[in-house]
Amino acid sequence: MDTKITFALFGFVSLLIVVFAYAQTLSTPTISSPSDGSSFNKGSTFSLTASTTCSGASKCNGVQLTANLPSGLSTSSANPQGCGSPQPETTCTKSWTVSANSVGAYSITVSASSANAGNPTSSAISVNVTANC
């Protein structure tokens, strides 16, 4: 192999190693409250709490958590909520006060986003809103 081609190939492989070694990721958000299948009375509020963790060799930039609420549920809390730029292996936890506005069964997810670490979405949890009796 020609010296120039060998050097170019070595440089490309080295670049790939650097890119993969320093890639940032956000963990799939986990919802810690409410528990799946929880029930609430119409007109009440409950706390939605979720977290994500930054992984990689350097900080995750501009991390945000967003509560994905269907019609019938609402929040007066900031949405999305910023986590700043957490260092590696740092967990960001955020909470929203959710209002149960209409009777029904609902699915809730939380999405994480970052300028350099992906955009995962949590598994859905179900909540039920029942009529006041």
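Visitor: How many bridges join S4 to strand S8 (residues 91-100)?

Guide: S4 and S8 are joined by 9 bridges and run antiparallel. One of the facing pairs is Phe46, which stands opposite Val98 in S8. A word on the basis: this is a predicted model, in which local features need pLDDT of at least 70, side-chain atom pairs count only at pLDDT 80 or more, and totals for chains, interfaces and linings use all residues. Residues are numbered from 1 along each chain as its sequence is written, and side-chain values use heavy atoms, with hydrogens and water left out.

Strands here are DSSP runs of E of at least two residues, numbered from the N terminus, and two of them pair if DSSP finds at least two bridges between them. S4 has other partners too. Strand S1 (residues 25-26) is joined to S4 by 2 bridges, also antiparallel, and Thr25 has Ser55 as its bridge partner in S4. Strand S2 (residues 30-33) pairs with S4 over 3 bridges in the antiparallel sense; there, Thr30 stands opposite Ser51.

How enclosed is S4, then? Of the 11 residues in S4 (residues 45-55), 8 are buried, so the strand is largely enclosed by the rest of the structure. Buried means under 20% relative accessible area (1.4 Å probe, protein chains only).

Leaving aside residues up to four places away in sequence, Ser51 touches Thr28, Pro29, Thr30, Leu65, Thr91, Cys92 and Thr93, where contact means heavy atoms within 4.5 Å.

Conventions. Buried means under 20% relative accessible area, exposed over 50%, partly exposed in between (1.4 Å probe, protein chains only). Helices (H or I, at least four residues) and strands (E, at least two) are DSSP runs, numbered from the N terminus.
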